[in-house]
Amino acid sequence: MNPLGLSSLDPLLPSPLEPVEDERFTRHGVRLLLKRDDLIHPDLPGNKWRKLAPNLIRAAGRPVLTFGGAYSNHLRATAAAGRLLGFPTTGVVRGDELAGRPLNPSLARCAADGMRLLFVDRATYRAKGDPEVLARLLDDAPPGSFVVPEGGSNALAVRGCTELGRELRAQGADVAAVACGTGGTLAGLAAGLGEDRRAIGVPVLRGGFLATDIRALQEAAFGGPAGDWSLDERFHFGGYARTAPALEEFAADFEARHGLAIERIYVAKMVYGLVTLVQEGAFPPGTAVAAVITGRPDPGQPSAASR
């Protein structure tokens, strides 16, 4: 792959920032804006483009090995990039029990795009950062494979996500909110927004570990802390790929109000969190709050049923 080949995919950058009228915000004097990163590219939407692009440029056409769960947006985007740009991809999938089952729609899409799927047990997956474990995994991948971490989050990705913050700053956002899995998007977003703007992350996993990870990512990318960011841990609805009737009802209502389908695993939780925060008086009147729409719904992903 020519490192400049990414431009041939014609990404929509900067992504649009769309104002929406929502009385739950306007009655508090707060403007809601939707940062439509989901429109950047049909196969590599949102933060997947922003995090993958710098890694693929660094890989310079080499095969790519990366990691994810059974419903990983990152795996799907990496597989699509391999198909579009002509490089081999290997996806290490958490859960060796999945190897003997029919592929779910998300993993089936990865396979259709040419990704080789390696199913590993959860202990091996947790140890994927160990050099010996990684070496064994690379033995099952094409020679010379370039390793991209889970969720695409590394120093390259964080620096790529600073452009999201710069765009939002130029577009007039005072506060930006984003759903967080591995934390790379928030780490870069906050840096790009600058010290006088605020970034809020809504983790979609339980555990309370993400702040440490974000600080480490910023240290790797920038040599230290960058930007004004915080996490609100209240809106994970039980953890990754889990939801609840209240979240499904909220998401359906938002879709009916604004005519925009919202993805449940990440985006709906973030928007739910923003509505709660504005009702709690977290933003002074006159604040322009941007909700980053990082992806679109996928019919293969769980939504209404808890997992």
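Buried means under 20% relative accessible area, exposed means over 50%, and partly exposed lies in between, using a 1.4 Å probe and protein chains only. This is a predicted model, in which local features need pLDDT of at least 70 and side-chain atom pairs count only at pLDDT 80 or more, while totals for chains, interfaces and linings use all residues. Residues are numbered from 1 along each chain as its sequence is written, and side-chain values use heavy atoms, without hydrogens and water.

**Backbone points**

| Residue | Phi | Relative accessible area |
|---|---|---|
| Asp10 | near 55° | 62%, exposed |
| Phe237 | about 55° | 19%, buried |

Asp10 sits in the segment before strand 1. Phe237 belongs to the loop between strand 9 (228–231) and helix 10. Helices (H or I, at least four residues) and strands (E, at least two) are DSSP runs, numbered from the N terminus. The peptide bond from Leu13 to Pro14 is cis, with omega near -10°. Pro14 lies in the segment before strand 1 (17–20).

**The nonpolar cores**

A nonpolar core is a set of buried Ala, Val, Leu, Ile, Met, Phe, Trp, Tyr and Cys residues joined through side-chain atoms within 4.5 Å. The largest one has 35 residues. Phe25, Leu32, Leu34, Ile262, Met270, Leu274 and Phe283 have the most contacts inside it. Elements giving two or more residues to this core include strand 2 (31–35), strand 7 (175–180) and helix 10 (245–258). Helix 11 (267–279) is also one of them. Helix 11 gives the most, with eight residues.

Contact means heavy atoms within 4.5 Å. Leaving aside neighbours within four places in sequence, Leu274 is in contact with Phe25, Leu32, Ala177, Phe283, Val289 and Ala291.

**A helix pair**

Helix 3 (residues 73–85) and helix 4 (residues 105–112) pack at an angle of about 20°, with their axes 8 Å apart. Axes are lines fitted to C-alpha atoms, for helices over the stretch in contact, and angles run from 0 to 180 degrees between N-to-C directions. The two helices are therefore roughly parallel to each other (angles under 35 degrees count as roughly parallel, over 145 as roughly antiparallel, 65 to 115 as roughly perpendicular and the rest as oblique). From helix 3, Leu75, Arg76 and Ala79 make the contact. From helix 4 come Ser106, Leu107, Arg109 and Cys110.
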